[in-house]
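Q: Can you walk me through this structure? I'd like to start with the overall layout and then look at details.

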Amino acid sequence: MIIKTAEFIMSNSEVAKCPKDILPEYAFIGRSNVGKSSLINMLTNHKNLAKTSGRPGKTQLINHFLINKNWFLVDLPGYGYARVSKTAKKKFQKFITDYFEKRQQLVSAFVLIDLRHEPQKIDLEFLEYMGEKGIPFSIVFTKADKLKPKAIVRNAEAYMQELLKTWEETPHYFITSSTSAVGRDEVLHHINVTNQE
Ligand code: GTP
Ligand code: MG
């Protein structure tokens, strides 16, 4: 798929205030600092469309980006960031779970996971939540440039084995790197195919 235009439309913390357009949308979620905003920039080929930072907790709101004037990419705040205030620290912020449970335009989510670490409890809990709510999602492993090819395959497979302890089947997954654009075509192809359904 060719991305011709990518525009920031709005940020907010209320699902009710998200764009009214009935256009398909794809949301990016995962632990703070896992690379959600960077992935959006990589996919759209824009350096600074979504704001990124080396410090976790950069994205704080629901951000809608209109692509090719007919679908949205949605950047969300991360979960699992210990240094946010106590009230905001609830495992998954309410406006994020509201987004997933109420946003009818959501076609599919991408749950981002950093392959360098052992499976983390908070990510497994989030995947469990998505499964329980029946929200369609794929896993996106990020920062592949930081691992050797063999380790990428080994860790991704280990992750799937971990999921199989509680899941009957494993979700589809992508291997990506925002610095080398690995996985770009695959993720865009997935969006293209599900967009037409
Ligand atoms: P929050 O908005 O805080 O939840 O974080 P985020 O998930 O949006 O992460 P963000 O895109 O801001 O990236 C966090 C840090 O990881 C930044 O320093 C990025 O440069 C770095 N980063 C993101 N993706 C990659 C990647 O594929 N490879 C490498 N090497 N670094 C990456
Ligand atoms: Mg972000």
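What follows is a short chat about the sheet, the helices, the ligand shell and a few single residues.

Q: What kind of model is this?
A: It is a predicted model.

Q: What is the strand order in the open sheet of seven strands?
A: The order is β1-β3-β4-β2-β5-β6-β7. The pairing is mixed.

Q: Which are the edge strands?
A: They are β1 and β7, and β7 covers residues 173-175. Each of them pairs on one side only.

Q: And how much is the twist from one strand to the next?
A: It averages 25°.

Q: What does "mixed" rest on in general?
A: Strands of a sheet pair through backbone hydrogen bonds, either parallel or antiparallel. Here, β1 (residues 6-12) and β3 run antiparallel, joined by six bridges. β3 and β4 (residues 71-75) also run antiparallel, with five bridges. β6 and β7 pair in the parallel sense over three bridges.

Q: Which residue of β7 stands opposite Val140?
A: Phe174 does.

Q: Back to β3. Which residue there is the bridge partner of Ala6?
A: Ile67 is the partner of Ala6. On the β4 side, Ile67 has Trp71 as its bridge partner.

Q: How many residues lie between the strands in the hairpin of β3 and β4?
A: Three. One residue to look at in this hairpin is Asn68, which takes a positive phi near 50°.

Q: Is β3 mostly covered or mostly open?
A: Mostly covered. Five of the six residues in β3 (62-67) are buried.

Q: Now the helices. Which strands does α1 lie across?
A: Helix α1 lies across β1, β2, β3, β4, β5 and β6. It runs at about 145° to β2.

Q: What about α5, which strands does that one touch?
A: Helix α5 (residues 184-195) packs on the sheet and touches β2, β4, β5, β6 and β7. Its direction makes about 160° with that of β5.

Q: How many residues of α1 are buried?
A: Nine of its nine residues are buried. Among them are Lys36, Ser37, Asn41 and Thr44, along with Leu39, Ile40 and Leu43.

Q: Where is Asn33 found?
A: Asn33 is in the loop between β2 and α1. Its phi is near 80°, a positive value in a residue other than glycine.

Q: Why does Asn33 count as buried?
A: Because it has 21 other C-beta atoms within 10 Å, and the cut-off for buried is 20 or more.

Q: And where does Lys143 lie?
A: Lys143 lies in the loop between β6 (137-142) and α4 (149-163). Its phi is positive, about 55°, although it is not a glycine. Lys143 counts as buried because it has 22 C-beta neighbours inside 10 Å.

Q: New topic: how many residues surround ligand 1?
A: There are 23. The closest are Gly35, Ser38, Thr52, Thr59 and Gly78.

Q: What classes are in that shell around ligand 1?
A: It has 15 polar, five charged and three nonpolar residues. The largest share, three residues, comes from helix α1 (residues 36-44).

Q: Where is the place of Gly35?
A: Gly35 is in the loop between β2 (25-30) and α1. It is buried, because 25 other C-beta atoms lie within 10 Å.

Q: Which residues does Gly35 touch, not counting those up to four places away in sequence?
A: Gly35 touches Leu112, Thr142, Lys143 and Ser178.

Q: How far apart are Gly35 and Thr52?
A: They are 17 residues apart in sequence. In space they are 8.0 Å apart, C-alpha to C-alpha.

Q: Last topic: which residues in the largest nonpolar core touch the most other members?
A: Phe28, Val111, Leu112 and Phe141 do, out of 41 residues in this core. The largest share of the core, five residues, comes from strand β5 (residues 106-114). In soluble globular proteins, nonpolar side chains tend to be buried together.

Q: What does Phe141 touch, leaving out residues up to four places away in sequence?
A: Phe141 touches Ile113, Leu115, Ala156, Tyr173, Phe174, Ile175 and Thr176.

Methods: Residues are numbered from 1 along each chain as its sequence is written. Chains are lettered from A and ligands numbered from 1 in the order in which they are written. This is a predicted model: local features need pLDDT of at least 70, side-chain atom pairs count only at pLDDT 80 or more; totals for chains, interfaces and linings use all residues. A residue is near a molecule or strand if its C-beta atom, placed from the backbone, lies within 6 Å of it. Helices (H or I, at least four residues) and strands (E, at least two) are DSSP runs, numbered from the N terminus. Ala, Val, Leu, Ile, Met, Phe, Trp, Tyr, Cys and Pro count as nonpolar, Asp, Glu, Lys and Arg as charged, and the others, Gly among them, as polar. A residue is buried if 20 or more other C-beta atoms lie within 10 Å of its own, exposed if 12 or fewer, and partly exposed in between; C-beta atoms are placed from the backbone. Two strands pair if DSSP finds at least two bridges between them. A nonpolar core is a set of buried Ala, Val, Leu, Ile, Met, Phe, Trp, Tyr and Cys residues joined through C-beta atoms within 7 Å. Two residues are in contact if their C-beta atoms, placed from the backbone, lie within 7 Å. Axes are lines fitted to C-alpha atoms, for helices over the stretch in contact, and angles run from 0 to 180 degrees between N-to-C directions.
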